[in-house]
Amino acid sequence: MSRTPHSRPRWRHLAYPLLSTGVAGAFVLTAVPAASAVPSTGALITEVYGGGGNSGATLTRDFVELGNAGSASQDLSGYSVQYLPGTPSASSQWGVTALTGSVAPGKRFLTAESAGTGGTTALPTPDATGTLAMSATAGTIALVSGTTALTCKTAADCAADSRVVDLVGYGTAVVREGGGPVTGASNTASVARAASLADTDDNAADLTAGAPTPFNSAGETAGSGGDDGGGDDGSTEPGTVRVHDIQGTTRLSPLAGQTVTRVPGIVTGVRTTGSKGYWLQDPGPDTDARTSEGVFVYTGSATPAVKVGDSVLASGKVSEYYPSSTSQSVTEITTPTTKVLSSGNPLPAAVTLDATTVPDAYTPTAAGGSIDSLALEPATYALDFYESLEGERVAATDTRVVGATTAYDEVWITVKPAENATPRGGTLYSSYDQPNTGRIKVMSIDDTATFPVANVGDVLTGSTAGPLDYSTYGGYNLQATQLGTLTAKGLKPETTRKQKSTELAVATYNVENLDALDEQAKFDRLAGGVAVSLNSPDIVALEEIQDDNGATNNGTVTSEATLTRFTDAIVAAGGPRYSWRYVAPENNQDGGEPGGNIRQVFLFNAKRVSFTDRPGGDATTATDVVKTRKGAQLTYSPGRIDPASDAWDASRKPLVGEFTFRGEQVFVIANHFLSKGGDEPLHGSDQPPARSSETQRNAQAAEVNTFVKSLLAADRSAKVVVLGDLNDYEFSQTVTTLTAGRVLTPLIKTLPKAQRYTYVYDGNSQTLDHILTSPAVTAFDYDIVHINAEFADQASDHDPQIVRIDISRCGQR
């Protein structure tokens with residue numbers, strides 16, 4: 001089982017369905033976001049029961065159970081659980097139970113409340129204890145970022161209180177989320193969230209009534225007393241259940257929710273930090289290729305008292321752990337007791353991962369969406385093959401790196417060296433039906449080993465081996481107990497040529513949330529990319545320039561200090577003194593990191609190109625096209641394309657500028673389309689994965705396409721350059737919509753197929769950034785300059801690109 005032990009906020013374009021990142025390191029405790037009006041992605045209320053000790057109740061105490069829907073452990077210190085009667089009076093006050101400790105991803109946190117005189121069964125050991133006297137049938141429970149009692153007594157007032165992290169109204173509660181409270185609570189019934197922890201901020205939709213099932217952070221439930229509950233009598237004889245019985249022939253265990261006793265196996269890997277536990281593998285496999293012989297035994301906060309090579313008997317409850325709401329589950333044994341029978345035993349042979357064993361087809365599909373219940377076909381589908389090995393030892397030999405080492409000590413390799421190889425050593429993602437089955441992420445669970453710092457094209461020479469795991473970020477991964485030796489292949493950053501005197505050089509570069517408070521080293525690296533690697537283009541369209549105080553959310557929207565530092569750094573790197581133009585956004589209206597106010601910016605070398613200023617454009621005013629005797633003209637320059645359109649909700653608005661080069665007019669449109677962050681991952685349980693973010697990107701592409709058509713209607717020979725981070729692939733509907741009517745040519749398609757990439761994600765070299773030109777741009781030289789995406793040491797996660805337009809050879813108006 002793999003729980004992602006750290007938080008990875010990415011306020012930009014999570015490149016779904018190719019979403020990466022996850023590691024076997026220590027949990028980082030992050031603050032719980034206070035957002036009752038937004039569906040929770042971290043800590044939230046999972047179950048509420050107010051009938052403890054009442055007539056007919058089995059449990060002796062009320063309780064509130066919390067869960068963690070995120071991928072990082074959530075620190076609850078300084079937070080509280082609070083209770084308000086269902087129909088509060090003028091004198092009603094919120095009761096408060098202060099919390100300490102944390103809740104791990106996918107796990108629970110139990111708060112015990114008031115006890116009654118009835119009931120026969122105690123709660124499992126609670127993580128926090130209070131004295132809230134909750135009604136069995138109607139009331140409101142809030143998870144609050146603070147320990148001061150709330151004062152709100154209406155749903156609207158509570159939704160407006162930024163301290164409310166999550167809220168559940170049950171019975172006839174006046175204070176609730178959504179259209180109504182969840183009904184059905186009683187002396188014998190709690191209200192609980194589904195196992196997926198889905199949160200739509202509608203209590204009636206998100207929770208249902210049923211028998212109370214309190215779980216604490218150790219995974220213990222009522223009556224377990226913290227032992228394995230399996231009737232283990234101290235015997236050293238194996239029980240009747242084997243690992244392959246637990247794993248079964250689908251993705252879900254046929255024994256989920258049941259207690260198993262004395263399951264035999266050899267310890268093949270131990271994780272002592274973060275999500276602690278060990279992998280258990282049966283050396284006596286069955287004959288069914290669908291059933292894995294390995295399983296993760298989750299020990300919670302307790303460091304496993306076992307070593308690799310120990311022969312053990314494990315008892316505990318079989319559970320399905322979902323690292324996220326869109327992921328596949330991981331079958332595991334929880335709340336275990338372990339008996340060590342002997343040590344130093346040989347490990348089961350590792351299954352070889354290579355081109356002969358991993359199927360070429362990636363995944364089955366399911367009419368209902370989820371593939372969880374489908375019988376595995378490991379000889380046909382790569383995802384099924386990996387699932388059939390979940391928890392087992394696997395090994396790969398002499399593997400090429402296709403995704404550079406990250407800050408979280410992880411690297412992507414390919415076990416299929418010939419699969420869609422790029423000239424620089426990567427693996428190209430070239431279509432939705434070719435996700436590249438040979439990619440797999442490698443992380444180390446050997447605390448004594450130094451993780452290799454590898455670039456794309458390097459090789460892990462020799463064997464890399466360990467248990468096969470699954471996590472939110474990246475899906476299946478190899479938890480290495482043995483790492484191959486890094487053989488560096490010397491990949492070098494590229495430098496493009498200098499433009500000729502008659503060539504207008506236009507580039508685009510995503511500078512990854514650059515703001516005036518960043519360290520000088522970041523400015524210097526990015527400036528070197530412009531001045532040296534791109535050889536000082538005439539115009540540079542920048543994406544992700546933040547305001548002057550970055551993520552500080554105080555209403556600042558200007559970027560003058562940021563751009564002054566950046567252009568000074570370019571001069572220091574040997575480049576020209578650039579001028580700039582941009583339209584400042586409204587505060588927190590363009591997406592990205594809250595408070596950062598990212599926007600597109602034009603840098604231009606005024607000694608080579610002039611900018612036509614037509615004032616009046618601002619964050620909410622659209623620029624238009626007018627037809628004159630001299631051709632097309634913008635009403636505002638710089639300006640924005642229809643910023644009031646729904647297409648740009650919570651997203652960056654395109655920046656349009658009118659330039660003149662050697663007497664010729666050129667229109668440049670800089671873009672940063674909506675993130676892919678809401679899409680389902682390639683490796684998730686829903687197949688094919690939903691790409692929900694495409695809808696808004698298609699609308700954005702249509703807006704830009706319409707604007708380009710208006711330019712060409714005013715002047716069919718208009719020279720237009722559309723460029724930027726489109727957050728979509730060259731084969732996507734977004735690009736098809738953007739180019740409709742053949743008004744634009746995507747220059748990425750002029751390159752050989754294996755060279756079409758600007759970004760590397762989950763070991764897939766792919767295209768997110770684009771330059772497109774209008775039909776009048778007939779003489780050009782286009783280049784992607786690989787300086788970041790393939791390297792462990794990056795100034796940005798994007799590679800810039802450039803087009804050099806020979807104005808003297810393009811068709812004249």
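Modeller: Phe-63 stands opposite Ala-112 in E8. Strand E3 (residues 61–68) and strand E8 (residues 108–115) run antiparallel, and six bridges join them. Helices (H or I, at least four residues) and strands (E, at least two) are DSSP runs, numbered from the N terminus. This is a predicted model: local features need pLDDT of at least 70, side-chain atom pairs count only at pLDDT 80 or more, and totals for chains, interfaces and linings use all residues. Residues are numbered from 1 along each chain as its sequence is written, and side-chain values use heavy atoms, with hydrogens and water left out.

E3 and E8 belong to an open sheet of six strands. The order is E9-E8-E3-E2-E12-E13, and the pairing is mixed. Two strands pair if DSSP finds at least two bridges between them. Strand E9 (128–129) and strand E13 (207–210) are the edges, each pairing on one side only.

Now the helices. H6 covers residues 560–572, which makes 13 residues. Its end C-alpha atoms lie 18 Å apart, in agreement with the 18 Å that 1.5 Å a residue should give. The expected span is 1.5 Å times one less than the number of residues. Thr-562, Leu-563, Phe-566, Thr-567, Ala-569 and Ile-570 are the buried residues of H6. Buried means under 20% relative accessible area, exposed over 50%, and partly exposed in between (1.4 Å probe, protein chains only). Down the axis of H6, the buried residues fall within an arc of 155°, so they line one face of the helix. That arc is taken over the directions from the helix axis to the C-beta atoms.

What does that buried set of H6 pack against? The partners are strand E26 (503–514), helix H5 (520–533), strand E27 (539–545), strand E28 (579–581) and strand E29 (599–604). Contact means heavy atoms within 4.5 Å. After H6 comes Gly-574, with a positive phi near 100°.

H5 has 14 residues. From first C-alpha to last it reaches 19 Å, close to the 20 Å expected at 1.5 Å a residue. Its buried residues include Phe-523, Leu-526, Val-530 and Ser-533. Asn-535 follows H5, and its phi is positive, near 60°.

Next, a strand residue. Thr-399 sits in strand E20. Thr-399 counts as buried because its relative accessibility is 2%. Leaving aside neighbours within four places in sequence, Thr-399 is in contact with Ile-413, Thr-414, Val-415, Asp-458, Val-459 and Leu-460.

Phi of Asp-409 is positive, near 55°, in a residue other than glycine. Asp-409 counts as partly exposed, because its relative accessibility is 41%. Arg-742 likewise has a positive phi near 55°. Arg-742 lies in the loop between helix H8 (733–738) and strand E37 (745–746). At 77% relative accessibility, Arg-742 counts as exposed.

Last, the cis peptides. The bond from Ser-637 to Pro-638 is cis, with omega near 5°. Pro-638 is in the loop between strand E32 (631–634) and strand E33 (639–640). The bond from Gln-687 to Pro-688 is cis too, with omega near 0°. Pro-688 is placed in the loop between strand E35 (664–672) and helix H7 (694–714).
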